[in-house]
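Subject: Structure handover

Hi,

Here is the structure we talked about. My notes follow below it.

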Amino acid sequence: MDIVELRTPTAILRHGGGRLVVLRPGTDGERVLDVPVTDLLKVRLNRRADDAVVIEIYLRYPTPVLTGVPADRTPLPVLIAEHDVPAANEIVDRINGQILDSQRIDVAAPDLAPPTPTWGKSGPTRADVERAVRRMAPKREAKSAITALNRYVTADEYVLETAIAAAHPPTDGGPGLLAATTGRLLFISIGTGSRYAHELPMPAVLWARTTEGATTAPGEIGAIRGESGIDVHDGNVTLHFTGTDRADIERVTCAVNFAVRLDSADGVAGPADPGVAQLYSEWELLVERHSLGMVDDTQFQRYGRGILRSLPS
């Protein structure tokens, strides 16, 4: 990004190369501020009560400026002339745009709201089940297990991934449909034999991992060469499943680990509300800064009201 500069009666404001620099005018060029844009909270143009126009620079962290005055929650004002307002507007918009760009994180967050099933002749059909089944390698013999999965999944869980896999002891052997939901790991048997289904709640699962190739240790059940497998461990028993489609098995493995982390995150208690002692300490600090002139009257009233509103009722 090219460097732009705004010269005011009291300072030189320079932005470019990912940094914001404020210099005092003169031959020495004393640096009042020199910080990366990522350290800025925001920059805004403001007209004070005395009708003076200033550019207010808010720092994200309690970083002292080079004059030694702490800048925590206290904007650094840069006085500008009235005729510089249009140019100041442009540079303020430019800086705030770069601040937003540095904060933007593109995350493909899945919508995990369980869909409402639609009912037909064969029973309920869920959109999350259909999407998961479409991603896996098609198997005609899995039709009955897919129909059963639509009935087994509950209204408070979302089906993440499915795969055709073979179960190994201690689970009853044989092929089946392996489904990872936000609440359970389900295995529904397929084939001509007796039908059965197993479930393992996600809160009981510690981890899942993929295996491939020959048995890794004497007596251990693993994937035979040419097959991919998944091990699911609950702290006591490791369940083993193998499948011929590696991509399906890897997706189910990722889905199980995702559900485990999701359950852990949902169970974490949020931060406690600030207590009276903490709020009183913040009030004392605010009063001290106000007395030193670090916070003006308007800011003192705004922050003071915020503290008072945070007091427990």
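Start at I230. Leaving out residues up to four places away in sequence, I230 touches L178, A208, R209, T210, T211, L239, H240, F241, I249, V252 and T253. Contact here means heavy atoms within 4.5 Å.

Two notes on provenance. This is a predicted model, where local features need pLDDT of at least 70, side-chain atom pairs count only at pLDDT 80 or more, and totals for chains, interfaces and linings use all residues. Residues are numbered from 1 along each chain as its sequence is written, and side-chain values use heavy atoms, with hydrogens and water left out.

Back to I230. It lies in strand β15 (residues 228–233). Helices (H or I, at least four residues) and strands (E, at least two) are DSSP runs, numbered from the N terminus. I230 counts as buried, at 0% relative accessibility. The cut-offs: buried is under 20% relative accessible area, exposed is over 50%, and partly exposed is in between (1.4 Å probe, protein chains only). R209 is 21 residues from I230 along the chain, yet their C-alpha atoms are separated by 5.6 Å.

Overall picture. The protein has 6 helices and 16 strands. Of its 313 residues, 38% are buried. Take the contacts between residues at least 6 apart in sequence: 49% of them join residues at least 24 apart.

Aromatics next. The whole structure holds 2 aromatic pairs. F187 and Y196 form a tilted one, at 6.3 Å centre to centre with 40° between the planes. F187 also pairs with F241: the ring centres are 5.4 Å apart and the planes sit at 35°, so this pair is tilted. The rule covers rings of Phe, Tyr and Trp (its six-membered ring) with centres within 6.5 Å; planes under 30 degrees apart are stacked, over 60 edge-to-face, and the rest tilted. Together, F187, Y196 and F241 make one aromatic cluster.

There is also a charge over a ring. K42 lies over the face of Y58, 4.8 Å from the ring centre. The test is NZ of Lys or CZ of Arg within 6 Å of the ring centre and within 35 degrees of the ring normal.

Helix α3 (residues 143–152) has buried residues A145, I146, A148, L149 and N150. They pack against β9 (123–125), α2 (127–135), β10 (159–168), β11 (174–181) and β12.

One backbone item. D51 is in the loop between β5 (40–47) and β6 (53–59). Its phi is near 75°, a positive value in a residue other than glycine.

Which residues line the largest cavity? They are A137, K139, I164, T244, D245 and D248. A cavity is a set of points on a 1 Å grid over the protein atoms alone where a 1.4 Å probe fits but cannot get out; lining residues have an atom within 4 Å of a point.

Best regards

Methods
1 Å grid on protein atoms, 1.4 Å probe; cavity = no way out; pocket = protein on both sides within 12 Å on 5 of 7 lines; lining within 4 Å.
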